[in-house]
Amino acid sequence: MARSYVAEARRRVGPKRERIVPIVERLIAEHPDATIALRFGNDLELLVSVMLSAQTTDVNVNRVTQKLFRKYRKPADYLAVPQSELEDDIRATGFFRQKAKALRGTMAMLIEDYDGKVPGRMEDLLRLPGVARKTANVVVAERGEAQGIVVDTHVRRLSQRLGLTRQEDPVKIERDLVRLVPRRYWNVFPHLLIWHGRRVCDARNPRCDVCVLNDLCPASRVDVGTVVARPGA
Ligand code: SF4
């Protein structure tokens, strides 16, 4: 029963290859302000902010980095203080011991191997201690050179609801998305899903009745008969 309902819903909305561009364009129109919520002024601050954002909110990170970036301006500054001092300075972001260790390891490698600069290539970023694929993806995307699509909890939930992937694992979801989403949208796509996830497609209580994607979404809870056709559908 559930299975045939899902199959019917997928048939109703049509193939994902035909839906993807209208989905992205409607979300761009709906969330023109969808950008990264972290505040940073240069590549180093971007990298540090993203590293600190693991397991906490962007608001929390911004609160901490407002002071942090006045004190730590270059990679050497993170190594010039005892680790315990750096831990205290980032304590409010949680997991501060691991994060301080990762930051110091990363700064040491930036100085040693990259002339104190944040490298632009994914494979170089992935060498940095404590920098996983998601962090590296965010950094390259923000510099306008997305080489992948960042998959966080919102991106995962919305991609699944919209029938863009059937995978659970973030790496496999990303693989599906990069095959489907035109490259010109790779930078903005995660932000769109994140903002749509926060504002409309809540994990427990999706507001399908006001969602601009409700005629393109197989998980829509809106009665099929009441879906209003939109331009570009
Ligand atoms: S129609 Fe509902 S489930 Fe689909 S994206 Fe919109 S809010 Fe989410």
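How many nonpolar, polar and charged residues are there in the lining of the second largest pocket? Sorted by class, that lining has 5 nonpolar, 3 polar and 2 charged residues. One thing to keep in mind while reading on: this is a predicted model.

## The second largest pocket

Let's stay with this pocket for a moment. Its volume comes to about 190 Å³. The residues that line it are Tyr5, Val6, Ala9, Arg10, Gln160, Arg161, Gly163, Pro218, Ala219 and Ser220. Two elements, α1 (2–13) and α10, each give two or more residues to this lining. Helix α1 gives the most, with 4 residues.

## The largest pocket

Now for the largest pocket, which has a volume of about 1,100 Å³. Its lining takes in 41 residues, and Ser53, Ala54, Lys134, Val138 and Asp152 lie nearest the centre. Several elements give two or more residues here: α3, α7, α9, α10 (153–161), α11 (170–180) and α12 (188–199).

Which element supplies the largest share of this lining? That would be α9, with 7 residues. Split by class, the lining of the largest pocket has 19 nonpolar, 13 polar and 9 charged residues.

## Helix α9, mostly covered

Helix α9 is worth a look of its own. Of its 10 residues, 7 are buried, which leaves the helix mostly covered. The buried ones are Thr135, Ala136, Asn137, Val138, Val139, Val140 and Ala141. Among the elements that cover them are α3, α8 (122–125) and α11.

After α9 comes Gly144, which has a positive phi, near 80°.

Why can helix α3 (residues 43–52) be called largely enclosed by the rest of the structure? Because 9 of its 10 residues are buried. Here they are: Leu44, Glu45, Leu46, Leu47, Val48, Ser49, Val50, Met51 and Leu52. The cover over these residues includes α4, α5 (75–79), α6, α7 (96–114) and α9 (133–142).

## Where α4 meets α6

Two packed helices can be described by the angle between their axes and the distance between the axes. Helix α4 (residues 58–71) and helix α6 (residues 83–90) pack at about 145°, and their axes are 9 Å apart. On the α4 side, Val64, Leu68 and Lys71 take part, and they meet Glu85, Leu86, Asp89 and Ile90 in α6. The residues of this contact divide into 4 nonpolar and 3 charged, with no polar ones.

## A closer look at Asn60

Helix α4 is also where you'll find Asn60. Is Asn60 buried or exposed? Its relative accessibility is 16%, so Asn60 counts as buried. The side chain of Asn60 is joined to that of Thr56 by a polar contact of 2.9 Å. Leaving aside residues up to four places away in sequence, Asn60 touches Ala92 and Thr93.

Definitions and conventions: Residues numbered from 1 in each chain as written. Predicted model: local features only at pLDDT ≥ 70, side-chain atom pairs only at ≥ 80, totals over all residues. Heavy atoms only, no water. Axes fitted to C-alpha atoms, helices over the stretch in contact; angles between N-to-C directions. Contact = heavy atoms within 4.5 Å. Nonpolar A, V, L, I, M, F, W, Y, C, P; charged D, E, K, R; others polar. Buried < 20%, exposed > 50% of the residue type's maximum accessible area, 1.4 Å probe, protein only. 1 Å grid on protein atoms, 1.4 Å probe; cavity = no way out; pocket = protein on both sides within 12 Å on 5 of 7 lines; lining within 4 Å. Points joined across faces, edges and corners; volume = space filled by probe spheres on them. Polar contact = N/O pair within 3.5 Å; in protein donor to acceptor, adjacent residues only side chain to side chain.
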